[in-house]
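Subject: Structure handover

Hello,

Please find the structure below. My notes on it follow.

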Amino acid sequence: MSSDKALISLRDVDKFYGDYHALRDVSLDIFPGEFFSLLGPSGCGKTTLLRTIAGFEDVSSGTLSIGGQDMAGVAANRRPTNMVFQSYAIFPHLTVAENVGFGLRRSNYSRGERHARVSDALEMVGLGGYGKRAAHALSGGQRQRVALARALILKPKVLLLDEPLSALDKKLREQMQVELIRLQRQVGITFVLVTHDQEEALIMSDRIAVMFEGRIAQLEEPEALYQRPGSRQVAEFIGVMNFLGAHVISNEGNALELDVAGLGHAVIGRDQCPGGPVSGMCHVGIRPETMTLLFEDRGDGPVADGVVDEVVYYGDMTYYDIKLDGVPKPITLSMKNMIGRPVLDIGTRTKVGWDPRALVAFS
Amino acid sequence: MSGPRKPRGLTVYAIAYLIFLYAPIILLPMFAFNASTIIAFPLQGFTTEWFVRLTGVQALHTAVRTSLFIAVVSAILATILGMCAARAGTRYEFPGKGGILGLIMLPLVLPEIIVAVSLLVVVVQILQFPLSAWTVIMAHTLICTPFCIAILNSSFQNLDASLEEAAIDLGESRWNAFRLVTLPLVTPGIIASLLISFTISLDEFIIAFFLTGSEPTLPVYIWGLLRFPQQLPVVMALGTILVALSILLLIVAEYFRRRGVRRAGKTETGGFL
Ligand SMILES: Nc1ncnc2c1ncn2[C@@H]1O[C@H](COP(=O)(O)OP(=O)(O)OP(=O)(O)O)[C@@H](O)[C@H]1O
Ligand SMILES: [Mg+2]
């Protein structure tokens with residue numbers, strides 16, 4: 001790890017609330033200009049980690065540095081970070097412009113300059129002309145934009161965002177995801193985003209740290225994280241993954257020969273064991289979209305047999321639960337709906353095409 | 001939508017209760033404007049003489065000044081203490097928190113005569129302070145503080161803790177964050193607390209009676225007047241003014257408290273009115 005280039009660097013950070021061990025041995029580097037996400041289920045310590053970086057919580061042990069400077073004893077108001085709070089924390093007694101300009105109070109700008117910068121910031125988040133509105137009368141989406149403008153106006157090195165989109169409805173959330181990415185590219189500031197929504201993390205991030213119970217389980221780019229999850233736990237948290245029992249037949253050089261329940265014989269590469277070497281009995285994971293139902297055409301890859309157990313129609317996709325022969329628990333696969341492609345009925349016998357390159361094995 | 005039929009008994013009870021509670025207070029202005037020195041029905045005619053007579057009594061003016069001074073100082077002290085307690089109670093966790101906060105609220109339910117006697121013992125016997133307006137101020141601060149805490153708790157509780165953090169995050173010091181964000185948002189609560197404790201102190205009799213020095217407060221002065229039957233209508237007039245003033249202050253206080261709740265963007269969570 002080239003920690004000398006890192007903007008934020010945590011080393012062996014632990015955090016206790018009384019007896020409760022909220023952060024466990026967290027080490028990570030966040031690089032300048034990165035869109036970095038902390039992803040994990042509720043209560044895993046994402047907010048705690050973010051607040052530690054912001055300076056609202058002390059570390060119990062370990063070190064945190066920002067821009068190469070140790071942050072021990074540096075108060076939150078002296079750190080080069082700004083935060084968008086989960087509740088947005090818009091000051092209800094001030095106008096939109098006063099909220100956005102709040103951080104400029106301590107600067108030496110003239111009134112005119114301040115006014116111009118507030119206008120620019122509001123323009124940037126698409127709230128041009130809203131300056132005179134009372135802040136408590138804004139909608140959820142507008143509050144979120146005000147909170148963004150207020151944090152970005154100080155040009156921090158790092159913008160910390162605590163589940164900024166979780167309070168918005170689905171449509172607005174998807175729109176804001178795109179806007180946040182655009183904004184981040186435009187200002188070039190490092191974003192650290194906390195989210196429990198794996199889809200959001202995959203869409204927005206350059207890199208994702210997956211957290212469970214105060215520990216970082218895996219830190220990867222979205223694609224690698226999705227395709228090569230480092231453990232069953234990560235695989236199950238990110239997207240849908242089917243698991244099948246398997247055992248290792250032979251283990252030579254760079255290849256692993258497996259016998260997978262329901263699928264049969266498979267040869268995979270060593271890079272398909274992201275959680276470490278496997279031997280003997282193991283589990284094999286496979287994503288729904290890497291398998292296909294074979295209608296009349298027989299593909300050239302390996303084929304498994306099964307019975308349709310459940311059908312869920314999504315419009316653009318159909319999800320099938322298939323009971324493979326010899327495997328009691330059905331696996332899920334997804335098919336893109338196309339003109340002329342039928343939706344199968346429950347109970348239909350079918351053939352499933354799969355690709356050994358899509359398998360991941362865990363011990 | 002039609003609710004269940006109201007039980008008759010409860011309605012009768014409520015009306016009886018209200019009559020019992022407010023009839024004496026309604027009698028006060030009736031006799032204050034009655035043109036007779038004897039407090040009895042039938043009423044004799046309308047007069048404002050008793051009010052006019054109030055303006056000429058020097059001792060009364062001194063008592064009013066003493067009472068106002070005590071009420072203002074007690075209200076300020078009690079509100080400051082109330083703010084500290086409300087903030088500690090809503091923002092921080094500390095061992096024995098529930099017990100300590102319960103203890104602070106205790107004067108609310110203690111009989112005033114007990115408070116008065118024990119304070120007298122402490123002040124005179126143990127501390128050996130001479131009795132003065134300041135001893136009354138001490139005692140009034142003590143009995144007003146629980147009310148202030150109750151009011152200010154609702155103001156502070158309605159504040160999102162991240163508001164102050166947001167101000168700190170934007171570069172302000174802790175104190176400035178409090179001053180610029182929290183204080184404006186709890187100001188209505190502070191005003192309500194000042195007005196309520198001012199009213200309580202102004203009306204309070206027993207403690208003032210025990211602890212006052214050579215300068216009586218207004219209620220103590222009124223008590224003294226009661227020895228002279230011919231002064232009774234004057235007392236009625238004075239009482240009328242005090243009741244009107246108290247009700248007015250209470251309404252203003254509640255208005256500010258509600259405004260505070262609304263300003264913090266929250267819904268109603270109790271209060272006195
Ligand atoms: N001030 C505190 N005192 C004691 N425990 C705390 C405190 N703050 C957080 N915790 C505990 O630490 C754990 C992690 O909390 P944190 O807020 O970081 O979770 P999170 O990952 O942000 O969850 P969510 O997605 O629900 O926001 C939780 O179990 C929580 O109860
Ligand atoms: Mg959180």
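Chain A has 8 helices and 20 strands, where helices (H or I, at least four residues) and strands (E, at least two) are DSSP runs numbered from the N terminus. This is a predicted model, in which local features need pLDDT of at least 70 and side-chain atom pairs count only at pLDDT 80 or more, while totals for chains, interfaces and linings use all residues. Residues are numbered from 1 along each chain as its sequence is written, chains are lettered from A and ligands numbered from 1 in the order in which they are written, and side-chain values use heavy atoms, with hydrogens and water left out.

The C-alpha trace of chain A spans about 75 × 50 × 35 Å along its principal axes. Of the 363 residues in the chain, 48% are buried, meaning under 20% relative accessible area (1.4 Å probe, protein chains only). Chain A exposes about 17100 Å², and carbon and sulfur atoms supply 49% of that area; accessible areas come from the Shrake-Rupley method with a 1.4 Å probe. Among contacts (heavy atoms within 4.5 Å) in chain A with a separation of 6 or more, 65% are between residues 24 or more positions apart.

Next, the ligand. The residues around ligand 1 (a heavy atom within 4 Å) are Tyr17(A), Tyr20(A), Ser42(A), Gly43(A), Cys44(A), Gly45(A), Lys46(A), Thr47(A), Thr48(A) and Glu163(A). By class, this shell has 3 nonpolar, 5 polar and 2 charged residues, with Tyr and Cys counted as nonpolar, Glu and Lys as charged, and Gly among the polar ones. Helix α1 (residues 46-54) of chain A gives the largest share of the shell, 3 residues.

- The side chain of Tyr17(A) has an N or O atom 3.5 Å from a nitrogen atom of ligand 1.
- The side chain of Tyr20(A) has an N or O atom 3.2 Å from an oxygen atom of ligand 1.
- Cys44(A) places a backbone N or O atom 3.2 Å from an oxygen atom of ligand 1.

Taken alone, ligand 1 exposes 640 Å², of which the protein buries 61%.

Last, some strands. Strands pair if DSSP finds at least two bridges between them. Strand β16 (residues 303-313) of chain A pairs antiparallel with strand β19 (residues 349-353) over 5 bridges, and Gly306(A) has Thr350(A) in β19(A) as its bridge partner. β16(A) is also joined to strand β17 (residues 317-324) by 7 bridges, again antiparallel, with Tyr313(A) opposite Thr318(A). The hairpin of β16(A) and β17(A) has 3 residues between the strands, and Gly315(A) there takes a positive phi near 95°.

Regards

Definitions and conventions
Polar contact = N/O pair within 3.5 Å; in protein donor to acceptor, adjacent residues only side chain to side chain. Buried < 20%, exposed > 50% of the residue type's maximum accessible area, 1.4 Å probe, protein only.
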